[in-house]
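Good morning, colleagues. Please look at the sequence and the model while I go through the sheet, the helix packing and a few individual residues.

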Amino acid sequence: MPTMLAAISLRNLACSSRLSSCSEFTSGNSWRPIEAAKLHRTCSVSSIHISCAATKPAKTPVEWKVKRQLLAEKRVRSVDVKEALRLQKENNFVILDVRPEAEFKEAHPPGAINVQIYRLIKEWTAWDIARRAAFAFFGIFAGTEENPEFIQSVDTKIGKDAKIIVACSTGGTLKPTQNFPDGKQSRSLIAAYLLVLNGYKNVYHLEGGLYTWFKEGLPAVEGEE
């Protein structure tokens, strides 16, 4: 780890702090119901402010409402697991599994392509150390960040002309509910947003996620094909 000097101060802020919202912590991590329940409740977090030449400026997060609006404008449609299987078999749709590689290897739909939307934080700048500390505050010691090579990898493995069904563990939803009037974001919906933002035209979303796929007993394989 490179040596660096940083002045770090802590102060309590709401979950909407500039480091990340509680929902963003869960979006970037494996689906763990207990941790997710803890993170989504109303809470306060500690924001870490760093003064250091090596500090990277934080990206301004795009609100879920804005992402959802773009998905609606681009007519990204949600399909259930049985419809997804039919489209894969009969219409040459590609299932893009955006879960971490380890989860993909445990089980995935046959023919699915894995490009993880989040990856473990790799760098050791002061900003990255701050984000690790923020994750550790919630008991998460394998903090993640958006994969900067996501679009490039999808371009290489699949291509813009492909018909894609984006899948993650839980799926999320674009449909409004009583508890989630703006729908509920997920890794697959965030990935779908990035795809349409970068010119992909035929993007669908797996409603219910791969949890439902496996629960329904649909075809699954282990390891890499």
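**The central sheet**

Val-203 in strand 9 is the bridge partner of Ile-164. Strands here are DSSP runs of E with at least two residues, helices are runs of H or I with at least four residues, and both are numbered from the N terminus. The model is predicted, and local features need pLDDT of at least 70, side-chain atom pairs count only at pLDDT 80 or more, and totals for chains, interfaces and linings use all residues. Residues are numbered from 1 along each chain as its sequence is written, and side-chain values use heavy atoms, with hydrogens and water left out.

The bridge I began with belongs to the pairing of strand 8 with strand 9 (residues 203-206), which is parallel and has 3 bridges. Two strands are said to pair if DSSP finds at least two bridges between them.

What is the strand order of the open sheet? The order is 3-9-8-4-5, a sheet of 5 strands with parallel pairing. Strand 3 (77-79) and strand 5 (113-114) are the edge strands, each pairing on one side only.

Let us follow the pairings in turn. Strand 3 and strand 9 run parallel and are joined by 3 bridges; here Arg-77 has Tyr-204 of strand 9 as its bridge partner. Tyr-204 also stands opposite Ile-165. Strand 8 (residues 164-167) pairs with strand 4 (residues 94-97) in the parallel sense, over 4 bridges. Within that pairing, Val-94 stands opposite Ile-164 and Ile-95 stands opposite Ile-165.

Are the side chains of strand 8 buried or exposed? Ile-164 and Val-166 point one way, Ile-165 and Ala-167 point the other way, and all are buried. I use buried for under 20% relative accessible area, exposed for over 50%, and partly exposed for values in between, with a 1.4 Å probe and protein chains only. Strand 9 is likewise covered on both faces: Val-203 and His-205 on one side, and Tyr-204 and Leu-206 on the other, are all buried.

**Helix packing and the cores**

I turn now to the helices. The axes of helix 7 (residues 150-157) and helix 8 (residues 187-197) come within 10 Å and cross at roughly 75°. Helix 7 is therefore roughly perpendicular to helix 8. The axes are lines fitted to C-alpha atoms, for helices over the stretch in contact, with angles from 0 to 180 degrees between N-to-C directions. Angles under 35 degrees count as roughly parallel, over 145 as roughly antiparallel, 65 to 115 as roughly perpendicular, and the rest as oblique.

At this crossing, Phe-150, Ile-151 and Val-154 of helix 7 meet Ala-191, Leu-194 and Leu-195 of helix 8. Contact means heavy atoms within 4.5 Å.

Which residues touch the most other members of the largest nonpolar core? They are Leu-71, Leu-96, Phe-150, Val-154 and Leu-195, in a core of 28 residues. Helix 3 (64-73), helix 7, strand 8 and helix 8 each supply at least two residues, and helix 8 gives the most, with 8 residues. A nonpolar core is a set of buried Ala, Val, Leu, Ile, Met, Phe, Trp, Tyr and Cys residues joined through side-chain atoms within 4.5 Å.

Leu-195 illustrates this well. Apart from neighbours within four places in sequence, Leu-195 is in contact with Leu-96, Phe-150, Ile-151, Val-154, Val-166, Tyr-200 and Val-203. There is also a second, separate core of 16 residues, which includes Val-79, Phe-104, Ala-167 and Trp-213.

Lys-67 lies in helix 3 and, at 11% relative accessibility, counts as buried. Beyond residues up to four places away in sequence, Lys-67 touches Val-62, Gln-185, Ile-190 and Tyr-193.

Pro-176 is found in the loop between strand 8 and helix 8. Pro-176 is exposed, with a relative accessible area of 55%. Leaving aside neighbours within four places in sequence, its contacts are Arg-68, Pro-181 and Gly-183.

Finally, Glu-224 sits in the segment after helix 9 (209-215) and is exposed, at a relative accessible area of 58%. With neighbours within four places in sequence set aside, Glu-224 is in contact with Glu-101 and Lys-105. The C-alpha atoms of Glu-224 and Asn-114 are separated by 9.5 Å, although these residues are 110 residues apart along the chain.
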